[in-house]
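My notes are below the picture.

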Amino acid sequence: MKKEPYKLDVKNLIVKGSVGSKEIFSVKATPDIEIDEENVLKAYEGEVKATLLEDSILAEFNINYEMETVCARCLKTFLRKGAISFDREYLIGKRAVAPRTGRYMAGADGLIVDKEFCIEVAGPILEEIAFDIPMKPLCKESCKGIT
Ligand SMILES: [Zn+2]
């Protein structure tokens, strides 16, 4: 599964903002990525609310997506729509450097604000969408199966 990075520029928020400042970003992509053999992510869109904290950016995601998937009963391919909400914390690079070793300390989520003051969101979005795939997706509740 290959994925393109999707970066949001949080420079303004970090440079001009103060703790508690927020900025809302719209995200939209048509990745056409095979998550597994039966699920192809066609598109997602939504909102990322970024809040500046002391040493990090808290990003709250609200994402709608469309997945081409195979019905567990009739085995037909259909377009399943889903919605997910989750958050991630990105440590701010300079402040994330360990004083002794000079190495980056990843936060609990292992994410940082990069040198260009950007946060990468495609990774977390794909991760959460993959977790959201149902065990037995149905094209419709009343699906009668193979007829
Ligand atoms: Zn079906």
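These entries go from the overall layout to single residues.

**Ground rules.** I'm looking at a predicted model, where local features need pLDDT of at least 70, side-chain atom pairs count only at pLDDT 80 or more, and totals for chains, interfaces and linings use all residues. Residues are numbered from 1 along each chain as its sequence is written.

**Layout.** Helices (H or I, at least four residues) and strands (E, at least two) are DSSP runs, numbered from the N terminus. Along the sequence I read β-α-β-β-β-β-β-β-β-α.

**Strand pairs.** Next I checked pairing, which takes at least two DSSP bridges between two strands. S4 (residues 39–52) and S5 (residues 56–70) run antiparallel, with 13 bridges joining them. Here I found Thr-51 opposite Leu-58 in S5, and a hairpin of three residues linking S4 to S5. S5 also pairs with S6 (residues 77–92), again antiparallel, over 15 bridges. Met-67 faces Arg-80 in S6 across that pair. The S5–S6 hairpin has six residues between the strands, and Leu-75 there has a positive phi near 65 degrees.

I call a residue buried if 20 or more other C-beta atoms lie within 10 Å of its own, exposed if 12 or fewer, and partly exposed in between, with C-beta atoms placed from the backbone. Buried residues come to 20% of the 147 in the protein. In helix H2 (residues 122–131), I found Pro-124, Ile-125, Leu-126 and Ile-129 buried.

**The core.** A nonpolar core is a set of buried Ala, Val, Leu, Ile, Met, Phe, Trp, Tyr and Cys residues joined through C-beta atoms within 7 Å. The largest one has 23 residues, and Val-10, Ile-57, Tyr-90, Val-113 and Ile-119 have the most contacts inside it. S4, S5, S6, S7 (111–113) and H2 each give it two or more residues. I then looked up contacts (C-beta atoms, placed from the backbone, within 7 Å). Leaving out residues up to four places away in sequence, Val-10 touches Ala-50, Ile-57, Val-113, Phe-117, Cys-118 and Ile-119.

Asp-32 isn't a glycine, yet its phi is positive, near 55 degrees. It lies in the loop between S2 (22–29) and S3, and it counts as exposed because it has 10 C-beta neighbours inside 10 Å. Phe-117, also not a glycine, has a positive phi of about 60 degrees. Phe-117 is in the loop between S7 and S8 (118–120), and its 18 C-beta neighbours inside 10 Å make it partly exposed.

Methods
Two residues are in contact if their C-beta atoms, placed from the backbone, lie within 7 Å.
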